[in-house]
Each structure stands twice: as C-alpha cells, then as structure tokens.
Amino acid sequence: MGTERQGAAGLLQRAVDVRRDEIGALLLSGAYFFCILSAYYVLRPIRDEMGVAGGVRNIPLLWTGTLIVMLLVNPLFAAIVVKLSRKRFVSITYRFFMANLVIFFAVLQLVPEAQSVWVGRVFYVWTSVFNLFIVSVFWAFMADVFRLEQSKRLFGFIGAGGTLGGLVGASLTAFLVELVGPAYLLLVSVVLLEAGVFFVRRLSHWFVTLNEAGGRSAAPEQPIGGSVLAGITHVFRSTYLLGICAYMLLFTIASTVLYIQQLEIAERYLADSGSRIAFFAKIDLAVNALTLMTQIFLTGRLIKLLGVAVTLTLLPAVCVVGFTTLGVAPTLAVLVVFQVLRRAGNFAVARPTRETLYTVVNREDKYKAKSFIDTFVYRGGDQIGAWSYAALGLLGLSSAGIAFATVPIAGVWLVVGFWLGRKQTALAHRDLPMGAVPVTT
C-alpha cells in the first residue's frame with residue numbers, strides 16, 4: 001500500500017509542480033472545489049432556462065435585482081466573518097444556501113405552472129448570488145492558506161477539481177433533467193454542498209495540524225475581526241484593490257455582452273425548454289473538458305513561465321479577437337467557439353492567476369474586500385453590460401455592431417491586467433510600514 005501511494009504521489013508530482021508535503025492539502029482543496037462547482041453546475045442550466053422563460057428582455061432587470069441583493073448581503077457576510085472562525089463561517093454560508101435550495105424545491109412542487117415564471121425569476125437572481133458567494137469564499141480560503149509562491153504552482157490544479165465538478169454537475173443535469181425534472185436536481189445540489197462542507201473541515205484541520213507541527217501559530221482559525229464595512233472602505237483606500245475592481249468590472253461587462261447574445265441565439269434557434277437546457281449543459285461540458293486538460297498540464301507552468309502580468313492579459317486578448325470576429329461574422333458557430341474559448345480561458349488561466357493577486361493583501365482583505373469585489377463589483381459589471389446592451393439595441397445597433405463596440409473595452413481590460421501583474425510583483429517584494437492598510441506583504 002505504501003509503495004502504491006508513493007507511486008501515485010510520483011505521478012502527481014510529474015503532472016504538477018507540487019512538493020510531497022503539499023499533496024494532502026492539494027487533493028483536499030481540489031475535492032472541496034469539485035463539490036461546490038458540481039453543485040452550481042447542476043443549477044446553472046436550470047437558471048439559464050428560467051432566464052429565457054422569463055423573457056431575455058428582462059435579464060437587465062434580473063441583474064438589477066441581483067445587484068441590490070449583493071449590496072444587502074455583503075455587510076451580513078462581513079458580520080459573520082468578524083465574529084466566527086473561517087471553518088465555521090464557511091460552513092454556515094454553505095448551509096444557508098442549502099436551506100434555500102430546499103425551500104425552492106418545496107415551492108416548485110406547490111406553485112401552479114402559471115405562477116412558476118415568477119419563481120423562476122427569483123431563482124435566477126438567487127442562483128447568481130449563490131454562484132459568486134460560494135466561489136468567492138472558496139478562493140478567499142485558498143488565498144489564506146497558501147502562500148504566493150504556492151498559489152502560482154498549485155491554483156491551476158486546484159481549479160481542475162472545480163472543472164471536474166463542473167463536468168459532473170453539467171452531465172447530471174443534461175442526462176437527468178428530462179427524467180426527474182428540474183426541481184429534484186436542486187436536492188442533488190444540496191447533497192454536493194454538504195460534501196463540500198465536509199472537505200472544508202478536513203482541510204482546516206489539516207492546516208491547523210501542519211502549523212502546530214511546524215511551530216507556527218494556529219491564529220488563522222480565530223475570528224478575523226475588524227470592521228463590518230472594511231471590505232468596502234479598504235477597496236477605496238488602495239490603488240491595487242481598485243485595479244482589481246477595474247479588471248473585474250471590464251471582465252464582467254465583456255462576459256455579459258456575450259452571455260446575452262448566447263441567450264438570444266438559443267431563443268431563436270431552439271424551440272422548447274428541454275432542448276435549451278440540454279444545449280446550455282452541452283456548452284458547459286465542452287468548456288469544462290477543455291478547461292480540465294489545460295488546468296492539469298498547463299496552467300501552473302504557464303503562470304510560472306510568463307509571469308502574472310502577461311498571463312492576466314491572455315483572456316482580454318482572446319476577447320479582442322473574438323468580438324472582432326463576431327462583429328464580422330455574427331453566426332451561431334462563431335459565437336459557440338468564442339464562448340467556449342473565453343470561458344475555458346477564464347477558468348483555466350485567468351481565474352487562477354487573478355486569485356494569486358489576493359495572496360499579497362492582508363488577511364482581513366482576503367475575505368472582506370475580496371467578497372465585495374467578487375460579488376457586488378462583479379454584478380455591477382453585469383449591470384453595466386446588460387443595460388448597455390439594451391441601450392445599444394434601442395439605438396439600432398445589431399448584434400454585430402454591439403460586438404464591435406465591445407472590442408475597445410477588452411483592450412482597456414488587457415492594459416489593466418498587465419498593470420496589476422506588475423503591481424503584485426512590486427508588493428510581493430516590498431516591506432510596508434507597520435499597520436499599513438489594506439495591502440501588506
């Protein structure tokens with residue numbers, strides 16, 4: 001058995017730049033991400049279909065609702081972070097969402113079909129909040145327990161756990177939705193989230209034990225403390241965090257434009273609900289398959305070879321080319337290829353690289369400022385993108401014209417990404433004065 005374990009560890013080390021004492025934490029982190037991403041991807045196609053059923057023209061209104069909910073929820077989340085250890089507040093956050101899913105399941109069983117469109121709209125907003133919070137909490141946890149040097153080597157492979165979860169979740173929905181219906185798939189998501197809570201607790205115990213064995217403090221399991229509003233105030237006191245806000249905002253504006261075009265094309269070419277859900281799920285499968293291979297074999301090495309600054313510019317560069325091509329030839333084939341490459345590029349390269357940016361900020365900002373950026377700022381970009389798309393349509397621009405209008409946004413996003421990478425390198429090698437807020441090394 002020992003020989004088999006050593007052989008498996010050797011194979012993993014050949015695929016990933018991981019030290020033997022890091023393997024346990026790497027695998028637990030990947031399993032944790034697998035569970036929460038599979039839980040989300042079970043729900044994602046259902047959410048997208050509910051968005052179509054509620055009217056694509058109403059998507060900007062749904063994102064306005066999402067933005068308002070984000071603004072209300074962020075102080076509540078920060079209050080939990082102030083008072084509880086990370087193991088407890090992560091568990092409470094996920095179990096709150098699990099309780100919500102059980103309520104949605106019950107409502108979908110009881111509400112008449114004529115009223116279900118309103119339930120769908122509420123579910124659309126809820127799922128948009130759910131997705132951002134569970135993933136933001138995960139990456140904040142990762143930035144807290146891994147150092148900058150480790151993040152560059154390991155975050156890509158850890159992300160592969162989430163990608164595999166996305167494949168499993170999307171597969172479950174694609175194959176089961178017409179057999180059991182959307183409502184029962186919500187309960188599948190509940191089970192997967194509870195499994196994620198189990199791995200959070202195991203991972204927390206692992207790091208406490210590792211710290212004690214190394215003679216280091218176990219303080220990270222103590223409440224973070226600080227101010228409830230620190231996540232907002234610290235952002236506006238740091239050019240670095242404001243730069244991350246700008247990168248996130250530009251990313252979401254571009255993503256929203258492409259997402260709405262995807263919904264419009266699905267509504268135009270696919271007549272019934274089941275075929276649209278299957279179509280969305282198959283796109284998710286293609287994205288996750290491409291992402292998985294990239295994360296396992298390329299991401300860590302790519303970040304190490306190119307550096308954070310250059311790696312952060314890769315996705316904006318793809319979008320410059322993609323939107324230009326979509327403007328010239330606004331066809332279904334071009335859109336699908338662009339969407340798959342953009343999303344795979346985000347999950348496999350841009351997202352792990354972006355998460356390394358938080359390894360050089362202080363612990364309070366890893367949870368509070370990061371949560372504010374990943375939720376409110378993210379949905380703010382959605383809002384700007386959605387209403388801009390609607391406004392450009394009212395002005396008479398076609399899908400091709402809107403695609404061309406998005407190209408300069410992707411260009412600015414590229415420049416911001418390069419600046420952020422250079423800034424992170426400077427912060428990682430700079431000693432700041434005692435008590436500096438919010439960016440520290």
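Helices here are DSSP runs of H or I with at least four residues, numbered from the N terminus. The model is a predicted one, so local features need pLDDT of at least 70 and side-chain atom pairs count only at pLDDT 80 or more, while totals for chains, interfaces and linings use all residues. Residues are numbered from 1 along each chain as its sequence is written, and side-chain values use heavy atoms, with hydrogens and water left out.

First, the open space. A pocket is an open set of points on a 1 Å grid over the protein atoms alone, with protein on both sides within 12 Å along at least five of seven lines; a cavity is a set where a 1.4 Å probe fits but cannot get out, and lining residues have an atom within 4 Å of a point. Points are joined across faces, edges and corners, and a volume is the space filled by probe spheres set on them. The second largest pocket comes to about 350 Å³. It is lined by 19 residues, and Glu 49, Met 50, Leu 108, Ser 116 and Pro 182 sit closest to its centre. Two or more lining residues come from each of α2 (23-53), α4 (86-110), α5 (116-145), α6 (148-180), α7 (182-213) and α10 (273-328). Helix α2 is the top contributor, giving four residues. Sorted by class (Ala, Val, Leu, Ile, Met, Phe, Trp, Tyr, Cys and Pro as nonpolar; Asp, Glu, Lys and Arg as charged; the others, Gly among them, as polar), this lining has eleven nonpolar, seven polar and one charged residues.

Of its 35 lining residues, Arg 44, Asn 131, Asn 346, Phe 347 and Tyr 378 are closest to the centre. Elements giving two or more residues to this lining include α9 (239-269), α11 (332-356) and α12 (363-394), with α11 giving the most, seven. The lining splits into 14 nonpolar, twelve polar and nine charged residues.

With a relative accessible area of 4%, Asp 374 is buried (under 20%; exposed is over 50%, partly exposed in between, with a 1.4 Å probe and protein chains only). Its side chain makes polar contacts (N or O atoms within 3.5 Å, one able to donate a hydrogen and the other to accept it; residues adjacent in sequence count only if both atoms are side-chain atoms) with the side chains of Ser 136, at 3.1 Å, and Lys 370, at 2.5 Å. Neighbours within four places in sequence aside, Asp 374 is in contact (heavy atoms within 4.5 Å) with Leu 132, Ser 136, Met 248, Arg 351 and Tyr 358.
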